[in-house]
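Here's a quick briefing on the model below. Have a look at it first, then go through the notes by topic.

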Amino acid sequence: LLEAADLSGASLQSVDARGASFAGAKMSKVILQRAHLDGASFAGASLHNADLSSTTLHGANFSGADLAFAKLTMITEGRGIIFDGAVLEGASFTDSSLDNASFVRASLRKASMEDMRLSHARFVGCDYSGISLADSWLTHAQLSGEVLDGANLDHARLMHANLTGASLVNTVLTEGQLQHAVAVGADFTGAALNIADFYDASLQSARFVGAKLTDASFAGAALSGADFTRVIDLEKARFPNATGVAVGLPPFPARAPSPHPPAPP
């Protein structure tokens, strides 16, 4: 039986444990490189400092697991993993693909999640203190109401992401891609938004107070009620076809009506 087993420090490279249950197991410093773990359960297991690099993990369950300082890099087959309630402090996910993953009330303190795919991932009530998501793909990610203050999102791709009511105070979003994102009521106060692209984004009532907007683009964005008070380099930002009345911005010119074809004779 693997449930609640003591596998601390074990070397299990390339093992085929698809669908196996390691629930509650002690697996600190276990080596699982290149293992096949699709559908496996690690619920409540201790995987502190474990090495799961290059594993296959489609649909694996890490609910409530301790993965502090674990290595989960180079995972190319990790769709639909559950990390709800997991401790991922200091864990490394660099170069992994975890589309449709679930992170509900997970601790992501100082986690390195750079250059990875998290499309359609769901984040609810997580701790992001010191996290780095630089160069990661978060397209269609669910981040509504999350507090990402001070996070590193440099070059992050957040197209179509849901950031409604999220707090991104003092975040680094340089060259961030937020086309079609929904960030109604989001707080970007003090954020570095140099060269960020908010094309056609929904930004009603969002706050950009003191944010740096050098070469940022808000083309076609909906900005009703947004606050651009004391922003830096406003004159270098672009707002073609943006709509709505925003605090700190001059009124946008009315869009020309679409020409109608001539009536038939």
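Buried residues (under 20% relative accessible area, with over 50% called exposed and anything in between partly exposed, using a 1.4 Å probe and protein chains only) make up 47% of the 265 residues in the protein. Keep in mind that this is a predicted model, where local features need pLDDT of at least 70 and side-chain atom pairs count only at pLDDT 80 or more, while totals for chains, interfaces and linings use all residues. Residues are numbered from 1 along each chain as its sequence is written, and side-chain values use heavy atoms, with hydrogens and water left out.

**Overall build**
- The protein has zero helices and two strands, both taken from DSSP runs numbered from the N terminus (H or I, at least four residues, for helices; E, at least two, for strands).
- Its C-alpha trace spans about 80 × 50 × 25 Å along the principal axes.
- Of the contacts (heavy atoms within 4.5 Å) with a separation of 6 or more, 2% come from residues 24 or more positions apart.

**Leucine 2**
- Leucine 2 sits in the segment before strand 1 (102-104), and counts as partly exposed because its relative accessibility is 36%.
- Leaving out residues up to four places away in sequence, leucine 2 touches Leu7, Ala20, Ser21, Phe22 and Ala25.
- From leucine 2 to phenylalanine 69, 67 residues along the chain, the C-alpha separation is 23 Å.

**Salt bridges**
- There are six salt bridges in the structure, each meaning a side-chain nitrogen of Lys or Arg within 4 Å of a carboxyl oxygen of Asp or Glu.
- One of them pairs aspartate 16 with arginine 18, with the closest N and O atoms 2.4 Å apart.
- Another joins arginine 109 and aspartate 127 at 3.6 Å, N to O. Arginine 109 is in the loop between strand 1 and strand 2 and aspartate 127 in the segment after strand 2, so this pair links parts 18 residues apart in sequence.
- Aspartate 187 and arginine 207 also pair up, with their closest N and O atoms 3.9 Å apart. Both lie in the segment after strand 2, so the bridge ties together parts that are 20 residues apart in sequence.
- Aspartate 187 is buried at 19% relative accessibility, whereas arginine 207 is partly exposed at 36%.
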